Amino acid sequence: MAEPRDGAASGSIMAEPRDGPGPRAFLDETVRIFKETYPGSEPTIAVAAPGRVNLIGEHTDYNQGYVLPMALPMVTLVVGCVTTDGIISLCTLAKEADDPKYVEFPVASEGNVLTPGLPKWANYVKGVVQYYRAGPLPGFKAVTASNVPLGGGLSSSASLEVAIYTFLQQICPDDGDLVEKALACQKAEHTFSFVPCGIMDQFISVMGIAGHALLIDCRSLEVTPVPISDPSLVILITNSNIRHHLTGSEYPARRQQCLEAAKALGEESLRDVSMAELKAAKASLDAEVYRRAHHVISEIKRTTEAAEALKSRNYREFGKLMVQSHNSLRDDYNVSCRELDELVAAAMDGDGVYGSRMTGGGFGGCTVTLLEATAVEKTMQRIKDKYSGTPAFYITTPSRGAHVLQL
Ligand code: GLA
């Protein structure tokens, strides 16, 4: 079953960061709502953490492979002040978040272990508070707001986790280890919202570098920045405005099949299996498990090749790899859907487009398209004309990771 998403503009063409106010106005508005929510209090801390788009390397992170995401200009903000009462008071401005939009709970301590519950949006916050790497935490009062589309496959949840962690760093500094920060946020996602995600989303939200995509080795966690700031090039995100209710069960099922394949091939992860080894074992593997492994092994290779192509500004080659990635996700990994396939086909059906693919977990959400700046208008019009649903567009640039804002 597919459901149109609320809150996304219909057929509109939106420059970063989405429609709505620019970055300063967005912050000012959040500050205004803080003052309204907590009369008599002044906010002293403001932080931002970005969403992400993955250019290539899908469903490879939990297989210890490579990914190539970039941080977006769309961010989650947390604006607030410290308190001394050990109570966390937080209000979300996200319309799509479940009710109630305001929560209060005591900080985590030895005698008070936080556990997930309702509302669901607050679980990301509780998880991060629980796994924060310094303490004891004082309390705080804050408002959180986001212009990352919720549930659109652009890591709105990771951006909330990383924004909360960054806020906590301001009121009770940790050792500043960025890898550990991303890992703590991932743990929050695993155990408080029950999504067994890889490390990509939290990692790029923490580490993003303006003007660069990051090639992340999800085994060593080594990062190689790849410049992507050619003015003749545009990265266009198209939101299908569709979310199929499959992600919950299908994502862990894919993880399991990958583990099964690796185990059958005598390895800990598919990172250590070559395509020749997989092919040699084809007869002994379940056909579906074989296809899953085929996607992952080929995608890991495509991702390193794509990073090389990007470094040498060979956009044609990069685009070809994007389309191969999409086809592999559609045919072997089975995480695409009709709407995403339509968007990719429509994007590719014209001049000046290098490549297009679904991005993120799949089953709806967004596509990412690499194209010449001169082809943007026509491409967006073509997608609108050909897509059976109502798309939203974000023309975007690689942005920086989580940071503190001046109030
Ligand atoms: C989701 C997960 C990531 C990654 C992608 C697929 O976004 O959170 O860890 O596995 O799906 O590449």
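**Salt bridges and the ligand site**

Arg 313 is exposed, with a relative accessible area of 53%; here exposed means over 50%, buried under 20% and partly exposed in between, computed with a 1.4 Å probe and protein chains only. The model is a predicted one, in which local features need pLDDT of at least 70, side-chain atom pairs count only at pLDDT 80 or more, and totals for chains, interfaces and linings use all residues. Residues are numbered from 1 along each chain as its sequence is written, and side-chain values use heavy atoms, with hydrogens and water left out.

Arg 313 has a charged partner: its side chain meets that of Asp 230 in a salt bridge, 3.4 Å from N to O. A salt bridge is taken as a side-chain nitrogen of Lys or Arg within 4 Å of a carboxyl oxygen of Asp or Glu. The two residues are 83 residues apart and link distant parts of the chain, with Asp 230 in the loop between strand S9 (223-227) and strand S10 (233-244) and Arg 313 in the loop between helix H8 (287-311) and helix H9 (315-331). Helices (H or I, at least four residues) and strands (E, at least two) are DSSP runs, numbered from the N terminus. Asp 230, for its part, is buried at 14% relative accessible area.

Other bridges lie within a helix. Lys 301 and Glu 305 pair at 3.1 Å, N to O; they sit four residues apart in helix H8, so about one helical turn separates them. Lys 301 is exposed at 52%, whereas Glu 305 is partly exposed at 31%. In helix H9, Glu 317 and Lys 320 are three residues apart, again about one helical turn, and their side chains form a salt bridge of 3.2 Å, N to O. Lys 320 is partly exposed, with 46% relative accessibility, and Glu 317 is partly exposed at 25%. Salt bridges that share partners also join Glu 58, Glu 299, Arg 302 and Arg 357 into one network. In total, the structure holds 23 salt bridges.

Turning to the ligand, the residues around it (a heavy atom within 4 Å) include Glu 58, His 59, Tyr 62, Cys 197 and Met 200. Polar contacts are pairs of N or O atoms within 3.5 Å. Ligand oxygen atoms lie 2.5 Å from a side-chain N or O atom of Asp 61, 2.6 Å from a polar side-chain atom of Asp 201 and 3.0 Å from one of Arg 52. The protein covers 92% of the 300 Å² of accessible area that the ligand has on its own, as given by the Shrake-Rupley method with a 1.4 Å probe.

Definitions and conventions. A polar contact is a pair of N or O atoms within 3.5 Å; within protein, one must be able to donate a hydrogen and the other to accept it, and residues adjacent in sequence count only if both atoms are side-chain atoms.
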